[in-house]
Amino acid sequence: MIGALAAACFVKAFGAVFLGVARRPHEREPVEAPRTMLVPMAALALLCAAIGLLPALAVPFLDRAAATWSAAATAGGGAPVPLRTLAPVGPLGWITVLSAALWVGAAAAVLLLRRRMRVEDDQRVPTWDCGYAAPTARMQYSSSSFAEMLVAIFRWALRPREHAPRLRELFPKSAHHRSHVDDVVLDRWFLPVLRWIARKLLWLRFLQPGRIQLYILYVLIAVLALALSTVPVGELLKGLVPR
Amino acid sequence: MSATADALLVFVLMLNFVVLGSGRIRSLIYTVAAQGVALGVLPVLVHPAGLREALVSIGAIVLKSAVIPRMLMRAMADLPVRREVQPLVGFRTSLVLGAVATAASLLLASRLPVLGNTAVRLLVPASFATVLCGFIVLIARVKAITQVLGYLVLENGIFLFGLLLLDAMPFLVEIGVLLDLFVAIFVMGIIINHIHREFSSISTERLSTLRE
Amino acid sequence: MMSDRAVDAAVQPLLLLLLPPLLLGVIVKTKAAFAGRVGAPLLQPYHDLWKLLRKGAVLSRTTTSVFLAGPAITWVAVVLAGLLVPLAGGAAPIRFDGDLILFAYLLALGRFFTALAALDTGSSFEGMGAAREMTFACLAEPALFLGLLALARTSGGESLSDLFGAPIAASWSSATPTMVLVLFGLFIVLLVENSRIPFDDPNTHLELTMVHEVMVLDHGGPALGVVLHGAAVKLLVLSSLVVGLVVPVRVDAAPLRWALFVAATLAVAVAVGVVESTMARLRLLYVPNLLMGACLLTGFGFLLLLGTHP
Amino acid sequence: MELATIALPLVGALLAFLVRSNHLRPLVLPAFGLAHLAATATTLASGRTRGSLPWLELDPPGRLVLLLVSVIFAACSCYAVAYLRLRSDRPNRVFCVCLLAFLAMMSFITWSHHLGLMWVAIETSTLTSAPLLYFNRTGRSLEATWKYLMVGSVGIALALLGSLFLGYSSLAGGHESTLLFDDLVAHAAQLSKPWLHGAFILLLVGYGTKMGIAPMHTWKPDAYGEAPGLVGALLAGGMTSCAFLAIVRVFHVVVAAGDADFANPLLIGMGLVSMAVAGAFMVRQRDFKRMLAWSSVEHMGILTLALGLGAAGAFGAVLHLVNNGLVKGVMFLSAGNIHRAYESKSTDEVAGALRRLPVSGALFLMGFIAVTGSPPFAPFVSEFAILNAVFAQRRWFVGAGMLVTFLVVFMGMAATVLAVVQGRPSEKAAGTPFHDRVLTIVPPALLMGAVVVLGLCVPAPLRAMVDEVVRYLGYGEGPP
């Protein structure tokens, strides 16, 4: 489930942001980020691809790290039991072969298809709109509409917030509908609990009202409390009866 | 010899109740001074008379019954503040508390292994009672000057207990303790003056702005 | 025996590429038979594909390079997934521990890129299709995974080939309830993944009702061909899972095995056709419930095993 | 040999009293402060720890506290010069005299080896520090001084009674009554138990009041909140350490008497209570000086708790004593700077300290990160050792309680400190004449440097002293 949810989330994110038509006219022409920002991202991407392609390279590093950790686990004595080293776990050979096949195959297919379907820009036509009179860019699927079905399924957990228009007049003018899902765990459970605790702790402030007599009383109470806590109650009762 | 010591100790206990019950600050100071005198005499009675004991008792008498009360009286004189003692907890309740405290200290003392040979069996309970009465005065009175007197009563109680182990305390330390008491009262007197100048009253109700 | 594996390895890719359109033809034929029509000839899909591959292309102005990459990558992913599955009871050309996870995620990869290509066109129809497809996938994937896990537990192996080989016969006898549940579960997954009737009507013309078709709405010419062939291969791959379950018999002779496999696959296609013609499309709101049902089926099957098998 | 460390400051006090000009007098402070540091160093290096009188002897914990007090005073005295220059409007005769007298008394505490003598020293130090609190001459600081003096004196009176109990317990135990630590430890086995227990309770409450552990902590937020930053640093760094020293010495007697399992639960209980109270009152605290006071209450709670853990916790406790002193020094001095620059202590008016006072603000922030026990700094090492000890002894609830209080304290302090440090200073704040001066920044920076160094590696001589204290407590070799 998690894999599919992740896929859905990234399709939504990538699609809404990069693909389709611009929803609003840009104030100023969006310009590519400077090279210094691109290079780090590219480097990281390459690194991921490299590990994906040749996991065998990363294994020795991971092994050593895991070994130290596992050795520490039994520092109390006894021979350090090394964790199952990563090598035999993952069929690294096959993974390399398959990912290579995937890369090469995909590249070849894309190039082949692109050569077959070379179309000059001027011959391009608007997307097929099933004959609708005036499709506007705003009719595209935005991110919340994309996720609407999923949110509906998990409504009990996500508690989406709806801002539906309330129609008041007979002939409603412009209306808007916005729904968003806030960070459930943080907003719904964590912060309210913290606020409640803070209120409870504030209530304790009456313990320090500023009157000095009370402070001296606290000192006396401390002595009595300590004295009583050490003398077992039984002996205390026995002690009440003077010898 | 121990009979007179016992009598004196009973007198000290009585003074405790007078302290708790007295309504006017002036009488409070006199009572504490009387207690000072009674305590001053005790070291000579309890331990075989020696130069050290004599010096300690003279020092105590001079300090507790003369120097400090006069200082407090002078502090009282230039404070045009009403003379009554403002009790936080009514006089009667303080007296009842005092009685309970004395009973408890008597009981506690009876359970603690006091060495038989000390001439005075009553010494330990008396000191506990005085300490607890000092606490009651500190907690149950509003005016700052009465708190100083409560502290004095507390010190008297501890001084009483100190009589048991006169030889443990080197003479120098004994005088040090008395000196400290004097300086403490002196500094408190100065602060009371400042309080009066700042708040034009020495009741601790004005002294409760700092709170959480 | 070595030559036998080599034969398998050679036959499998060929079969992967050639057999699938036939399955589509068989499904169309069975539906026609049910409707009392003669229906299109069995080889019609081959002709469609051939025609599409040679047609000219029309591209929308809003599309970027992602648009064409979608179908290409999907096709490659599905074919690779095909290579993982032991078609004829033998061993798959590519076999390693844990390849069932790779298999599921290759299918997911294909779906991912199809959806991206759909969003690239910027039309609300494709967006709707992509949204629905992703939602259904979220519910179908767990069913697939649980089913494969249940099989892995019964057969004790960890790679697809171990699952579907000899142990199937043994597990049918030892854990029949599980096998039945997993079979139904996988069959429902088959229907969802290939957007067959209960979930989506492949040959409807009403965009609003489509799921998978509307995603590929804007593809034309060779791209559409690639998409159709990819979908067909996916159908073959998933039905081979079902076949592996249903046909436990292990026969040594290679040609006989392959023949048996082709026959069984066609039988599955007929079954799909039967389902399509007997059931109507489910309302969109009920689809999640049915998918939840599939998950429960395979999940329950898996739970049943917890007690018995180590 | 002890003359140097005690007499020197007294001579300094006298000199300060004699110096006429308000301007020159502050210079006496660093002179004698550094001289005192030098004297301490030579005394410790030379190892001559036996005083001329039988009652004066520097035992291992005494050495450590003397060094700590001396270092903090040296830093504070340099800071004081600039501080008194900035506050030249106010006569500082009483302030300088009392400051040096305060140092003398603290050294006297570390040297004293007789319970009664130690009591006199602590009482006098309370009396000498009272005028320091009243330096600002406001109604609030007057009230703070009164409370400090009153609660402190009552607390210490109980400590005197406790000392007499201890003396009497040796008398009741058959030996002649004595208050010398060596004799007490020697006869520890024969001390009569009820008197010993009574003595320990009274001494714990008495000196606990001076340390400021709950429930006797009530004077601390008022006193530290109203005192100038300099005095707050000295009190939080020096005075509390001396009070803890007194409790360590008494605890040593109790351990020698074999009653450790009587004392440990008390210490752990008091420690946990003070940490909880500090945590509770730290939440939504708008006055950052009072927040520091609550942080001091919390750290005293940690010290008491660690002392109660026995052998394992002793190392952490002693190390934490040093770390806490240094970090409190940094926090109070930088808080003093911020308070003076903004002329307000409440987080409503104070904001953007990093912009307004770049160095002090940074030190205040680093101090906060150190005080809440974050890794690169010293308190982390000691708190980690303490927690390690707690969990090694399978005290799950105590450990859980500590961790929860650390979290609550961190959240409480973070809210206040970040409100002070971040944001943009108001125009009124930008207008005030006070800015970071060399002498107001260098002392806290040096202390911070020490905290960082201690966080990375405990230097050998210090390590030796700490191990000595652990041995002194009778636990043999401390944990590695």
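How many residues does helix H15 of chain D have, and how far does helix H15 reach from its first C-alpha to its last? Helix H15 of chain D (residues 358-371) has 14 residues and reaches 20 Å, close to the 20 Å expected at 1.5 Å a residue. The expected span is 1.5 Å times one less than the number of residues.

## Basis of the model

This is a predicted model, in which local features need pLDDT of at least 70 and side-chain atom pairs count only at pLDDT 80 or more, while totals for chains, interfaces and linings use all residues. Residues are numbered from 1 along each chain as its sequence is written, and chains are lettered from A and ligands numbered from 1 in the order in which they are written.

Helices (H or I, at least four residues) and strands (E, at least two) are DSSP runs, numbered from the N terminus. The predictor's confidence in each residue is given as pLDDT, from 0 to 100. For chain B the mean pLDDT is 83, and 92% of its residues reach 70 or more.

A residue is buried if 20 or more other C-beta atoms lie within 10 Å of its own, exposed if 12 or fewer, and partly exposed in between, with C-beta atoms placed from the backbone. In H15(D) the buried residues are D:Ser360, D:Gly361, D:Leu363, D:Phe364, D:Met366, D:Gly367, D:Phe368, D:Ala370 and D:Val371. They pack against helices of chain D, including H12 (288-307), H13 (311-342) and H19 (438-456). After H15(D) comes D:Gly373, with a positive phi near 75°.

Helix H2 of chain A (residues 35-53) has 19 residues and reaches 26 Å from its first C-alpha to its last, close to the 27 Å expected at 1.5 Å a residue. H2(A) is hardly covered, and the count of buried residues among its 19 residues is zero.

## Chain C

The secondary structure of chain C comes to 12 helices and zero strands. Its radius of gyration is 19 Å, close to the 19 Å that the globule rule gives for 310 residues, so chain C is as compact as a globular protein of that length. The radius is taken over C-alpha atoms, and the globule rule is 2.2 Å times the number of residues to the power 0.38.

Along its principal axes the C-alpha trace of chain C spans about 55 × 45 × 45 Å. Of its 310 residues, 59% count as buried. Two residues are in contact if their C-beta atoms, placed from the backbone, lie within 7 Å. Among contacts in chain C between residues at least 6 apart in sequence, 79% join residues at least 24 apart.

## Contacts between chains

Of the four pairs of chains in contact, chains A and C share the most contacts. Their contact takes 52 residues from chain C and 40 residues from chain A. On the side of chain C that touches chain A, H5(C) gives the most, with 13 residues. This side divides into 34 nonpolar, 10 polar and eight charged residues. Here Ala, Val, Leu, Ile, Met, Phe, Trp, Tyr, Cys and Pro count as nonpolar, Asp, Glu, Lys and Arg as charged, and the others, Gly among them, as polar.

The contact between chains D and B takes 38 residues from chain D and 35 residues from chain B. H6(D) supplies the largest share of the side of chain D that touches chain B, 19 residues. By class, that side has 22 nonpolar, 11 polar and five charged residues. Chains B and C do not touch, and their nearest C-alpha atoms are 54 Å apart. No contact joins chains C and D, whose closest C-alpha atoms lie 36 Å apart.

## A loop residue of chain A

A:Gln208 is found in the loop between helix H9 (184-203) and helix H10 (212-230) of chain A. Why is A:Gln208 classed as partly exposed? A:Gln208 is partly exposed because 19 other C-beta atoms lie within 10 Å. Leaving aside its neighbours within four places in sequence, A:Gln208 is in contact with B:Arg211, B:Glu212 and D:Thr218.

## Nonpolar cores

A nonpolar core is a set of buried Ala, Val, Leu, Ile, Met, Phe, Trp, Tyr and Cys residues joined through C-beta atoms within 7 Å. Of the 275 residues in the largest such core, D:Leu100 and D:Val451 touch the most other members. H6(D) provides the largest share of this core, 20 residues. Apart from it lies another core, of 125 residues, among them A:Ala4, C:Ile94, C:Ala130 and C:Ala140.
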